[in-house]
Amino acid sequence: VIHLGFVDEHQLEAKRERGRWLHERLGEVASHLIGIDLDAMGVERARELGYEAYVADAQDEAQLQQLALLPAEVVVAGEVIEHLESPGRFLAALRQLVEPGGLLVVTTPNASALTNALAPLLGLELVHPDHMAAFSPHTLAAILERCGWSKPEVCFYQPRPRPDLAHGVVGRALAFARLVVSGIVRLVPGWSDGLIAVARRPETRAGCY
């Protein structure tokens with residue numbers, strides 16, 4: 001498995017303490033795990049922890065080639081694509097990291113999330129300040145196909161509410177709202193907070209158009 005953006009926006013240590021660092025979870029099930037991230041300090045910390053890790057911009061095909069990695073069975077890009085200026089270049093560059101017939105797993109926020117529809121009623125836009133784009137199930141599948149990935153399947157995810165993290169009146173109110181939203185999206189999955197796409201690298205090379 002090759003895991004992209006594994007440092008998780010400087011949250012490595014905080015998530016390790018809570019047992020919520022995805023890279024650590026992947027390491028428990030993968031026979032061989034490699035991390036790639038732009039965060040040089042995070043990569044160095046991962047190496048200190050015993051992980052194989054490299055610094056590279058995954059939007060740059062040449063930088064990935066210079067790593068000279070053997071293609072993986074699975075490449076995971078969790079909550080990465082929405083941060084990128086060039087998502088098409090990114091998806092095209094990743095093909096070299098996946099063996100023919102191997103899988104790419106992409107997760108990203110859902111542009112059609114219920115919270116995105118409700119926030120404007122309060123004059124708000126609930127978006128991470130570093131996000132460059134938002135994807136719907138259709139647009140995520142479409143960009144994967146255009147960039148050479150075969151038969152992408154898209155499903156939804158909803159983070160579990162964490163009422164234990166709520167503090168104060170506002171925190172408890174928000175936690176209650178999250179519980180309500182979680183109940184609603186069980187009935188209407190298209191309003192879920194996030195998307196998971198799984199696509200396969202075809203046997204023949206295709207360009208991103």
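Glu48 and Arg45 sit 3 residues apart in helix 3, about one turn of the helix. This is a predicted model, and in it the side chains of that pair meet in a salt bridge, 3.3 Å from N to O. With a relative accessible area of 55%, Glu48 is exposed, whereas Arg45 comes out as partly exposed at 28% relative accessibility.

How many salt bridges does a search of the whole structure find? It turns up 5 salt bridges. Among them is the one where the side chains of Lys15 and Asp8 meet, at 2.7 Å from N to O. As a bit of background, side chains of opposite charge can pair when their charged atoms come close.

| Salt bridge | N to O distance |
|---|---|
| Lys15 and Asp8 | 2.7 Å |
| Glu48 and Arg45 | 3.3 Å |

Now for the rings. The count comes to 2 aromatic pairs. Phe6 and Trp21 make a tilted pair, with 6.4 Å centre to centre and 40° between the planes. This pair links distant parts of the chain, 15 residues apart: Phe6 is in the loop between strand 1 (2-4) and helix 1 (12-18), and Trp21 is in the loop between helix 1 and helix 2 (22-27). Phe6 counts as buried at 1% relative accessibility, and Trp21 counts as buried at 1% as well.

Why is the pair of Trp21 and Tyr51 edge-to-face? The ring centres of Trp21 and Tyr51 are 5.4 Å apart and the planes stand at 85°, so the pair falls in the edge-to-face class, which takes angles over 60 degrees. Tyr51 lies in the loop between helix 3 (40-48) and strand 3 (52-55), and Trp21 in the loop between helix 1 and helix 2, so the pair ties together parts 30 residues apart in sequence. Put together, Phe6, Trp21 and Tyr51 form one aromatic cluster.

Methods:
Residues are numbered from 1 along each chain as its sequence is written. This is a predicted model: local features need pLDDT of at least 70, side-chain atom pairs count only at pLDDT 80 or more; totals for chains, interfaces and linings use all residues. Side-chain values use heavy atoms; hydrogens and water are left out. Rings of Phe, Tyr and Trp (its six-membered ring) pair if their centres lie within 6.5 Å; planes under 30 degrees apart count as stacked, over 60 as edge-to-face and the rest as tilted. Helices (H or I, at least four residues) and strands (E, at least two) are DSSP runs, numbered from the N terminus. Buried means under 20% relative accessible area, exposed over 50%, partly exposed in between (1.4 Å probe, protein chains only). A salt bridge is a side-chain nitrogen of Lys or Arg within 4 Å of a carboxyl oxygen of Asp or Glu.
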